[in-house]
Amino acid sequence: MGILQIIIVLAVLVLLVKPVGSYVYHVYSNEPNKTDRIYGWFERFIYMLIGLKHRNGMTWKKYALSFLLTNIILVAVGYLILRLQKYLPFNPSGIDNMEETLSFNTIVSFMTNTNLQHYSGESGVSYFTQMAVMTMMMFTSAATGFAIAIAFVRGITSRGETIGNFFEDFVKSHTRILLPAAVIVTLVLVALQVPQTLDPTLTVTTLEGATQSITMGPIAALESIKHLGTNGGGFFGANSAHPFENPSPLTNVIEILSMWVLPASLPYVYGRFAKNRKQGWVVFSAMMTLFLLFLSLIYFSELRGNPAINALGVDASQGSMEGKEVRFGIPQSALFSAVTTAATTGTVNNMHDTLTPLGGLGTLGEMMLNTVFGGKGVGLVNMLMYAILGVFLCGLMVGRTPEFLGRKIEPREMKLIAVAILAHPFIILVPTAIAFLTDLGQGSITNPGAHGISQVLYEYTSSAANNGSGFEGLADNTPFWNITTGLVMMLGRYISIIAMLAVAGSLVRKQWVPETVGTFRTDNKLFYGILIGAVLIIGALTFLPAIVLGPIAEHLKLG
Amino acid sequence: MLDLYMVLLLAVTFAVFYGFMAWCDRVVEDTGGDRK
């Protein structure tokens, strides 16, 4: 029955990939289509407001600069709101201004699509902040990721000097994808009992006669974009484990699909742009294969239960239910954990700190690879980065100049790809080592031994992958953790995006190389295997020593 | 005062990204290989 639940959700996802992918392709292909009539007038109004008279294509550098400047302005406005929220409207609970280093961490976190929350939603931010900073940035960070992915795909599949117009892509991501989808999902969630109100906190009398404060607010609106934008920052500290955010197994499935369907449809979009849909399906199949490997690891580890608890005579028939919601059980908890770390959303419906060691390894592994569907847009870019690397390695083996989609892959592209690939483990492992070496880092570890290593490793991996979930036993709301994870989030977001836009800018100008019988094909089963191999060999081996010290050592100690 | 440090940290980090962008541009424009 548990596996059947998972299979049904997987089947629905696969059925949605093609129609959603086709829609997304038409949004960005700039070919006239039916959606122009619905959204065109609204977009023209926005272009007029922002003074965008000519939507000319941009070189990669102008595109990257536009993206960077937009982010800087959003960060500045958001930081100000966090520091002044006490004086701003919609603050019925009188919540104070956010502390400086926490404001730095929070604004970086939401701008980079991470949503690593070192504060608790119900007590740390006002309604105005929830709407004007958190919800707004959930749209803008997701739209940015979409724009980057499409620009990269244009760069590797088209010819010319330009890779699109950032502002046009950014606006279209909002008007044609995120806003309409968020309205639909919000209304569905409201119909399924998720609250949406501006009323202040409720004070009620419990059955025992005590008084209790129940936080309410505009939850459904935040909940929809939280998942659609692979953001993950919850209205409540307990995130999607809270019954107001995720009241039933049905809302759980809706939340899983809403965070998964857009990243999963992007490989199909890539296939449409490449005018060879098999290219897209090869990438999708590689992502799905890796996902099923990690899902199996999490599901069966949790189903087996915790041997230490089982030895105490506790009924283990339900699996390891520590930290999980009874209404979801093992199947919907394991699937949620696998999807939230694959799509790097970071929303949680169970506490990852209480996953079994191998279950925790499954969630860690997906974030370390950062290519198993991945976050909004950037997951596809990361996977295509490995695809180019795979082609390059095969070219070296057969002594032939590597080509990808009809372009020669030269040292300049490989230099940029090497930087992007190596940056990820570097910004995870170096800060992890620093945290272990300093009192400031060690002081927050609440579990001695192997699990303490996992806690720190998870925090920086989640930050670097722009995921945002955590092993919440780590006492991370301190200046040390706020600043170091803030910097890791920024490096994890911007280094790979800038490097990959540069690759797109380099490839878009190259002449096409005609396909011959000797051309290495990238749309068949052989390349599917090579792609998975490249991800596992390069990505997984880099982290092997660290995960041996953390989750694997913990698993072996459990017996 | 801490606000100033945080804003400075953000400014320096974004400046580093701009520098990285310039380095990427140099790599892309590198004439070591042909443009074919």
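## A salt bridge between the chains

The side chains of Asp25(B) and Lys61(A) form a salt bridge, with N and O 3.4 Å apart; the term denotes a side-chain nitrogen of Lys or Arg within 4 Å of a carboxyl oxygen of Asp or Glu. Because Asp25(B) belongs to helix 1 (residues 2-28) of chain B and Lys61(A) to helix 3 of chain A, the pair joins two chains. Helices (H or I, at least four residues) and strands (E, at least two) are DSSP runs, numbered from the N terminus. Asp25(B) counts as buried at 18% relative accessibility, whereas Lys61(A), at 30%, counts as partly exposed. Here buried means under 20% relative accessible area, exposed over 50%, and partly exposed in between (1.4 Å probe, protein chains only).

## Basis of the description

This is a predicted model, in which local features need pLDDT of at least 70 and side-chain atom pairs count only at pLDDT 80 or more, while totals for chains, interfaces and linings use all residues. Residues are numbered from 1 along each chain as its sequence is written, chains are lettered from A and ligands numbered from 1 in the order in which they are written, and side-chain values use heavy atoms, with hydrogens and water left out.

## The interface of chains A and B

In the interface, 33 residues of chain A are in contact with 23 residues of chain B, contact meaning heavy atoms within 4.5 Å. The two chains bury about 2900 Å² between them, 74% of it on carbon and sulfur atoms; buried area is the accessible area (1.4 Å probe) that two parts lose on being put together, summed over both.

Three salt bridges are found across this interface. One of the pairs meeting in a salt bridge is Asp3(B) with Arg83(A), at 2.7 Å from N to O.

On the side of chain A that touches chain B, at least two residues each come from helix 3 (60-84), helix 4 (100-111), helix 15 (411-437) and helix 18 (479-508). Helix 18 supplies the largest share, ten residues. By class, this side of chain A has 20 nonpolar, three polar and ten charged residues. Ala, Val, Leu, Ile, Met, Phe, Trp, Tyr, Cys and Pro count as nonpolar, Asp, Glu, Lys and Arg as charged, and the others, Gly among them, as polar.

## Salt bridges within chain A

Over all chains, the count comes to 16 salt bridges. Side chains of opposite charge can pair when their charged atoms come close. Lys86(A) and Asp96(A) form one such bridge, their closest N and O atoms being 3.7 Å apart. Both residues lie in the loop between helix 3 and helix 4 of chain A, so the pair ties together parts that are ten residues apart in sequence. Lys86(A) is partly exposed, with a relative accessible area of 40%, and Asp96(A) is also partly exposed, at 46%.

A further salt bridge, 2.7 Å from N to O, links Lys324(A) and Glu302(A). Lys324(A) lies in the loop between helix 11 (307-310) and helix 12 (329-342) of chain A and Glu302(A) in helix 10 (residues 277-304), so the pair ties together parts that are 22 residues apart in sequence. Lys324(A) is buried at 9% relative accessibility, and Glu302(A) is buried at 0%. Elsewhere, salt bridges that share partners join Glu410(A), Arg412(A), Glu413(A) and Lys510(A) into one network.

Twelve of its 13 residues are buried, so helix 13 is largely enclosed by the rest of the structure. The cover over its buried residues includes helix 10, helix 12, helix 15, helix 17 (450-464) and helix 19 (525-558) of chain A. Asn370(A), which follows helix 13, has a positive phi near 60°.

Helix 14 (residues 378-398) has 21 residues and reaches 30 Å from its first C-alpha to its last, close to the 30 Å expected. Helix 14 is mostly covered, with 16 of its 21 residues buried. Just after helix 14, Gly399(A) takes a positive phi of about 70°.

How values were computed
The expected span of a helix is 1.5 Å times one less than its number of residues.
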